Amino acid sequence: MVFSDKPKKGTIRRIMGEFKVHRVRFFDYMPSGIRAIAFNRQTERIAVGRVDGSVEIFTLLYNLFQEKVIPGKEQRSIEALCWVGERLFSVGLSGEIIEFDLHNLRPRYTIDAYGGPIWTITANPQGTHLAVGCEDGTVKLFEVLEDKIQFERNLDRKKGRILSLSWHPSGTKIVAGMMDMIRVFDVKTGHAIHRLLVDKAAGAPRDQECVVWSVVYLANDTVISGDSSGKVKVWDALTGTLIKNHDVTKWDVLALSLSQDETSLVAGTSEGTVVQFQFLSSVLGKEDKEWVRTRTFKNHTHDVRALAEVDTAIISGGLDTQLVVRPLLEKHDIKSQASALRKVQFPHRRLVSCAKKAQLLLFQYPSHLEVWRLGEGEEEGTPGEKVPVRRIPEKLLQLKAKGDEHICCSAVSPCGEWLVYSTTSSLRLYKLQYENNNISITKVSKLPKVLRWAHQLCFSADSSRLFAASGRSSVHMVSLGPEGCKHKHTFKPKNGSTQPIHLLTVSENGLWLATANSDCEVHIYSLSTLKSHCTVPVYRSGVTAMAIHPTKNNLFIAHADQQVFEFSIELEQYTDWSRKVQREGLHFKWLERDTPIMNVTFNPRNPDHIILHDMYMFCVLDQSLPLPDKKSQFFNQLTLKSLPEQERKTHCHAFKVCKLFQPLMCVDVLEDHSLVVVERSLLDIVAKLPAPVKQKKFAT
Amino acid sequence: MAETSETQRGSGNPSSEVMIENNTLRFDSSDDEAPEEVNFEDSKRSALQSVKDALEAGRREKKTLKEKRRRKQEFFLEQKKRRLLPEDVLEEIDATPIRHDAIPCSAENEVEKGKAMDLSDLKPIKEQARSLQANCSVTTVKHQITASTHQKEAMDFVQSRFYGQGTRRATNNELLSLNNKKGVNKGAAFQFANTKLSTVEREKAEKSNKRWLHKKKLIST
């Protein structure tokens, strides 16, 4: 008997409440596995490097939020990431060290280390030097200068690839994990002081070497290593002997991370478990401490390749593409949002654009774009019923990006005639023409010189103008017409910010433009006077979604810590409704949600409605209804249905949440008042991941 | 003497008798008579001769080895000459300035091999060696070629350690099935739908599903 668990491709139109819903499940979004995580203590940010070469910067403050994304490239591989101050370096199997420009979201420069593929990079605690471990067995030292890095020297070359490195906190010694052995080098002379031999796995064939995937060097001259035989070994680096051998798993121990006070170590394995070791004494009060295995976390289904132990949490990522933040409960006093497990499964950016008038959807994949036309269903139906589809959705166009860089952002105009996408080095604009059932695409060749690349793209509601967010929080406005594309104006923020913009929105009447950047700043520009209009007071948390109301011209902003604000553009202050929300506070169920609001849109039929969605729900926020009481039930749509009409009115509150469609990638409203809901099943993503380890469970 | 030994022994094996005779004769001679007188000159001569012979033999051996080595060396030189391009082409290449790129050795070997292949085309056109005709083209060896082979080897190493021989890996189907069986709401094993089925086959599968359900009285028709 065959259960068809994969949903059939197609839109199933349901009539729900007052909306016809297009339920779209043909966006085959596939995230990329996580390969490296680096924590920056000073700025409380983590850099996550993925297998496809992209780097994401997450902030840990005021809820985990993906602030910046540097798109990947075809041949770029990331094996390790390293912070030096506020600079980010990465190395990969192409043999190059890349420094990233975090303001313009691109590599600043690349240096070839001439040692073959590079497996690891680490900075010394003083922040003056970088050490990279290469395939040819050399550890190369680079000096970190003001605006570049310079090769200083090689340490003694040894036979065998260097897979992991760790500096001693004093900066005088480095330990390198290689094949079948660990070597301790003296940095000043470059000579190897000790050679620690690692045993092969018990059942492994004789010629299969034991790979030391990760090493850490502690201040008390202890070295801890994790290798492919599944053991975590504690060595004494002064004498070069093994102190203790912990058998953690049957598969490999792939990653290690040491806490800052060196009392806790976490090890990530191929099974998807994260094992914690702590430096404790077996008898309370005694001084003889040793590394003892304490906790095991199983938050991943596939190999854990990257780990970081930040002060109060363990952040892990692996080939199952999820970033998991597991707070350590002993470091949190109260049970709150901060002490809950958080998983980041979908990116915190929109990958779906909707052409509202033309009923088209644009899907952004890393190397190509797809344009689909939505299907049509029968007109009549009762609420909650599935409506048969009269015309199935069809893929109109698949556009492959030129070059080997991944697409950074893309947009389609509401009328469906213009298509634009940008990579880190080029921006391309296309004109789409529809004749009968055919679609033809022509590239607009002469683009204004300012449009070289963009962080974010947005069309005006009448499709006559394109807005491209460029460097230093500036926005270029170009006009689109039959004669081509002309640069009209560049908007620059008054405070001269250097951070990149990640959200752009234009009002329906074409008078206002709002931008949000990584510094949590929201700037509003007037399109009639072409000047900066005002700035929304800076809130501590990043903006995850915002939109301008079509008639009232209020800017609705949703933040990463689930707070929502409404700012009146004309009056340049928060609206009364927003002040009411701040006074009364939001319901704790709303604040407990662990995925950010990804899109804000409005209901053309009812000006009081605001439609928001996150990964697991979408909500119709009715500003005419009272706010929910703290003690009342928040998710009350089902109970309201069962109540009679009179009672319903007393129990109704503003937040009408629907959890029918999940996991959501995008919810938008079309011009014919129907709702488009783009879902992506997590099971479909799991089905396409690489192979997990074979677990033998009793009675299966 | 011979008479006495024959008569003493009488008739018997004639050949052995003769041999024994000879031996006895010699022994007898060496026992009874004084040793032969060997001239000092003769012995000196024979000793010197034997020494000379030994030296000669040594010299001959050395000569033959030297010959062998010389022949081998000539052969190698000829081979090398065959592999290199004709002199005028080499001169022309030397004339262009050398770029200081860090091209590792393997790249140079590849270039040499490529040049050796082309040599057969060049030989008959020695006068026109400058213009490379027919099936030849000279391209620079890009640095990326070797970098990408190193990169590919490194990626193969990681792949083999993760998914190669001896690693015990399962499929995602098994993972999801185990979750179903061990989870709170126990369910049957996962089976991914085969999207490559044609519409006819899909309809058949649906019909058989419905029949099975009806048979098990799970749904009412």
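## The largest cavity

A quick definition before we start: a cavity is a set of grid points where a 1.4 Å probe fits but cannot get out, and its lining residues are those with an atom within 4 Å of a point. Keep in mind that this is a predicted model.

Searching the whole structure turns up five cavities of 30 Å³ or more. The largest cavity holds about 150 Å³ of space. Its lining is made up of 19 residues, and those nearest the centre are A:F346, A:P347, A:H348, A:M598 and A:M615.

What sort of residues line the largest cavity, by class? Ten are nonpolar, three are polar and six are charged. As for chain A's strands, β30 (342-344) and β58 (664-669) each put at least two residues into the lining. β30(A) has the largest share, with three residues.

## Where chain B meets chain A

On to the interface: 32 residues of chain B touch 48 residues of chain A. Together the two chains bury about 3400 Å², with 62% of that area coming from carbon and sulfur atoms.

There are two salt bridges across the interface of chain B and chain A. One of them pairs B:R169 with A:D303, and their closest N and O atoms sit 2.8 Å apart.

## Chain B's side of it

Three helices of chain B, α6 (143-163), α7 (172-182) and α8 (199-215), each supply at least two residues of the side touching chain A. α6(B) gives the most, with ten residues. By class, that side of chain B splits into 16 nonpolar, nine polar and seven charged residues.

Conventions. Residues are numbered from 1 along each chain as its sequence is written. Chains are lettered from A and ligands numbered from 1 in the order in which they are written. This is a predicted model: local features need pLDDT of at least 70, side-chain atom pairs count only at pLDDT 80 or more; totals for chains, interfaces and linings use all residues. Side-chain values use heavy atoms; hydrogens and water are left out. On a 1 Å grid over the protein atoms alone, a cavity is a set of points where a 1.4 Å probe fits but cannot get out, and a pocket is an open set with protein on both sides within 12 Å along at least five of seven lines; lining residues have an atom within 4 Å of a point. Grid points are joined across faces, edges and corners, and a volume is the space filled by probe spheres set on the points. Helices (H or I, at least four residues) and strands (E, at least two) are DSSP runs, numbered from the N terminus. Ala, Val, Leu, Ile, Met, Phe, Trp, Tyr, Cys and Pro count as nonpolar, Asp, Glu, Lys and Arg as charged, and the others, Gly among them, as polar. Contact means heavy atoms within 4.5 Å. Buried area is the accessible area (1.4 Å probe) that two parts lose on being put together, summed over both. A salt bridge is a side-chain nitrogen of Lys or Arg within 4 Å of a carboxyl oxygen of Asp or Glu.
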